[in-house]
Amino acid sequence: MATLFTAIGEILIDFTPINERGATVGFRMHPGGSPLNVAVGLARLGARVEFAGKVSSDFFGRFLAAHLKHEGVGTRFLSHSDAPSTLAFVALEDGEPAFSFYREGAADTRLLPRDLPEDIVRTQFLHFGSISLMNEPTAGTIAGLVERLRGRAILSFDPNIRPGLIGDRRGYRDLLARLFQSADIVKISATDLRWFNPDHSLEEAANTLMEMGPALVAVTQGPRGAYARWHAGDVRIPARAVEVIDTVGAGDAFTSGLLFSLVERGVTSRAGLQEMRADLLEASLRFATAAAAVTCTRAGADPPRRDEVETVLS
């Protein structure tokens with residue numbers, strides 16, 4: 001049976017702050033990495049999904065591999081390395097998450113083409129992006145797989161830009177441009193869209209991305225909801241009002257919810273994306289924003305299960 005979804009990229013530990021009397025007194029460990037979060041989110045919603053990447057054999061890596069298996073995410077495409085795990089420390093600054101990464105020479109930056117089993121090309125949806133595109137050889141391995149699957153699978157791309165980690169700004173922008181051209185679906189935050197295209201409005205910037213190649217561009221705007229463009233025009237969906245505990249992983253939960261909902265509604269090809277009716281897209285975006293809203297009500301990247309999303313929608 002072909003794998004329906006594969007998420008590829010970084011696999012790491014997020015350390016979120018423990019605060020007492022307004023001061024950070026420690027950190028709590030959570031499985032993390034944007035593609036990992038998307039994979040777990042899809043599995044919790046009920047999808048068949050594999051995770052592709054390279055994980056460390058250290059304590060943290062064993063914890064991450066066990067987490068994938070516990071969540072029902074397949075690990076056939078997961079390889080192992082003696083290199084250390086990537087660690088990310090998360091703090092809040094002005095209400096937004098700020099990240100400090102420790103990933104020099106880490107296992108998830110060392111993914112090679114030969115680490116990927118040949119049957120990965122049978123996947124129907126490939127989701128990729130985030131900081132996995134900032135280090136070689138992993139970035140080149142992912143870009144190569146995207147090229148192999150172009151026209152054979154739906155390619156979902158979230159750049160999830162971390163400006164503080166970018167060394168070669170021009171080279172990174174060129175890589176993003178090539179991947180935008182290859183992608184069928186681009187999910188991007190309004191902040192990331194401004195970084196990539198600072199001189200235009202959100203609507204103009206989203207249209208520019210559409211002209212580069214994607215069939216669907218979905219822009220998340222935090223408490224302002226989501227905006228999307230596709231061949232028939234654009235649509236806006238308001239955010240769900242919830243008590244926000246932590247926004248870490250909310251964008252990844254949105255991605256999981258969007259991909260899952262599109263498949264549920266029979267959108268499994270680029271042609272399906274291009275021919276999609278407005279009401280179908282709106283329903284999928286509502287599902288995605290509800291998934292993100294649930295994630296915001298708890299600490300760490302902790303995506304919801306289907307019944308939790310449906311409760312919010314009801």
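This is a predicted model: local features need pLDDT of at least 70, side-chain atom pairs count only at pLDDT 80 or more; totals for chains, interfaces and linings use all residues.
The structure contains one cavity of 30 Å³ or more. The volume of the largest cavity is about 40 Å³. Its lining consists of Phe5, Thr6, Ala7, Leu42, Phe125, Leu126, His127, Ile154, Ser156 and Leu259. Two or more of the lining residues come from each of strand S1 (5-8), strand S8 (125-129) and strand S9 (154-158). Seven residues of the lining are nonpolar and three are polar, with no charged residues.

Strands S8 and S9 are paired in the parallel sense, over five bridges. In this pairing, Phe125 is positioned opposite Ile154 of S9; Phe125 and Ile154 are both among the residues that line the largest cavity. Strand S9 is mostly covered, with five of its five residues buried. Ile154, Ser156 and Asp158 point one way from the strand, whereas Leu155 and Phe157 point the other way. Of the former group, Ile154 and Ser156 are included in the cavity lining.

Helix H4 comprises 14 residues (169-182), which at 1.5 Å a residue should span 20 Å; the C-alpha atoms at its ends are 20 Å apart, in agreement with that value. Tyr172, Leu175, Leu176, Ala177, Leu179, Phe180 and Ser182 are the buried residues of H4. In an α-helix there are 3.6 residues a turn, so residues three or four places apart point the same way. The packing partners of the buried residues of H4 are strands S8, S9 and S10 (185-189), together with helices H3 (138-149), H5 (190-196) and H6 (202-212).

The loop between H5 and H6 contains Pro198. This proline has a relative accessible area of 57% and is therefore exposed, the cut-off for that class being over 50%. Pro198 and Leu45 are 153 residues apart along the chain, and their C-alpha atoms are separated by 35 Å.

Helix H7 (residues 250-264) has 15 residues and extends 21 Å from its first C-alpha to its last, close to the 21 Å expected at 1.5 Å a residue. Twelve of the 15 residues are buried, so H7 is largely enclosed by the rest of the structure. The buried set is made up of Ala250, Asp252, Ala253, Phe254, Thr255, Ser256, Gly257, Leu258, Leu259, Phe260, Ser261 and Leu262. Of these, Leu259 also lines the largest cavity. Helix H7 is followed by Gly266, which has a positive phi, near 85 degrees.

Conventions. Residues are numbered from 1 along each chain as its sequence is written. Side-chain values use heavy atoms; hydrogens and water are left out. On a 1 Å grid over the protein atoms alone, a cavity is a set of points where a 1.4 Å probe fits but cannot get out, and a pocket is an open set with protein on both sides within 12 Å along at least five of seven lines; lining residues have an atom within 4 Å of a point. Grid points are joined across faces, edges and corners, and a volume is the space filled by probe spheres set on the points. Helices (H or I, at least four residues) and strands (E, at least two) are DSSP runs, numbered from the N terminus. Ala, Val, Leu, Ile, Met, Phe, Trp, Tyr, Cys and Pro count as nonpolar, Asp, Glu, Lys and Arg as charged, and the others, Gly among them, as polar. The expected span of a helix is 1.5 Å times one less than its number of residues. Buried means under 20% relative accessible area, exposed over 50%, partly exposed in between (1.4 Å probe, protein chains only). Contact means heavy atoms within 4.5 Å. Two strands pair if DSSP finds at least two bridges between them.
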